[in-house]
Amino acid sequence: MHKLLFFLIIPLLSFSQMREKPVLFSHKGDYIHVFSKFSFPESWRGFNREELVSYDQKNYNIGSTYLLKEGKKIVAKINIYIYPSEATNENLREQFNAFKIVVNRNATNAPNLIPEFVKLKSDKILVSGIRSSFDYNIMIPDFFKGQKEQKNTSMFSLYDCGLWNIKFRMTSEKYDATKLKEFEQSFVNSFKLLEIADNNAFDN
């Protein structure tokens, strides 16, 4: 039987106080999130980790940014986050809707985010997720015009991994939705989300 990862009414983690401002920090080599054992590698599939960010005083909430460059030009960016799971039955949908509001606020187009509900499973565990690919156009600095519109494709996914939520966001001017979906699937496997969920299930 699979261990079903349902969210409980009472959080199992003692949440730490959020920082007034996120704090950037450096780390050589792979960075291991102490509480979950989730790893942020220094590099992955040609992407180099550019920064690590802590959002709370106990370092429960950690984010990272990875960049893929061709010469000096950034052709793709990945953001990865891990943070304590939300204690609601509508956790994924609520976070997806909040993300959609932010995306539409920042984009110059009107991104059409359609949620796709997914399941990851092994012999021991079942993990729920939600994802969406969409067009995401933004204004960027331009030497001649001051600003110009950049047309991007973006991929967002979020997974319930027991005590933790793991979020993935990739944006690229170069790659289409099919390629971004391939990267996202590789992320799920390479970053061992099923193993993280199994080791951090509520009933462990």
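Colleague: How many salt bridges does a search of the whole structure find?

Modeller: The model is a predicted one, and the search finds eight salt bridges in the whole structure.

Colleague: Why is the contact between the side chains of Arg45 and Glu182 called a salt bridge?

Modeller: The N to O distance is 3.3 Å. The cut-off is within 4 Å, so the pair qualifies as a salt bridge. Arg45 lies in the loop between strands E5 and E6 and Glu182 lies in helix H2, so the pair ties together parts that are 137 residues apart in sequence.

Colleague: What makes Arg45 count as partly exposed?

Modeller: Arg45 has 36% relative accessibility. Buried requires under 20% and exposed over 50%, so Arg45 falls in between and is partly exposed. Glu182, at 40%, is likewise partly exposed.

Colleague: How do you know that Lys73 forms a salt bridge with Glu173?

Modeller: Their closest N and O atoms are 3.2 Å apart. That is within 4 Å, and therefore the pair meets the definition. Lys73 belongs to strand E8, while Glu173 is in the loop between strand E12 and H2, so parts 100 residues apart in sequence are tied together.

How values were computed: Residues are numbered from 1 along each chain as its sequence is written. This is a predicted model: local features need pLDDT of at least 70, side-chain atom pairs count only at pLDDT 80 or more; totals for chains, interfaces and linings use all residues. Side-chain values use heavy atoms; hydrogens and water are left out. Helices (H or I, at least four residues) and strands (E, at least two) are DSSP runs, numbered from the N terminus. Buried means under 20% relative accessible area, exposed over 50%, partly exposed in between (1.4 Å probe, protein chains only).
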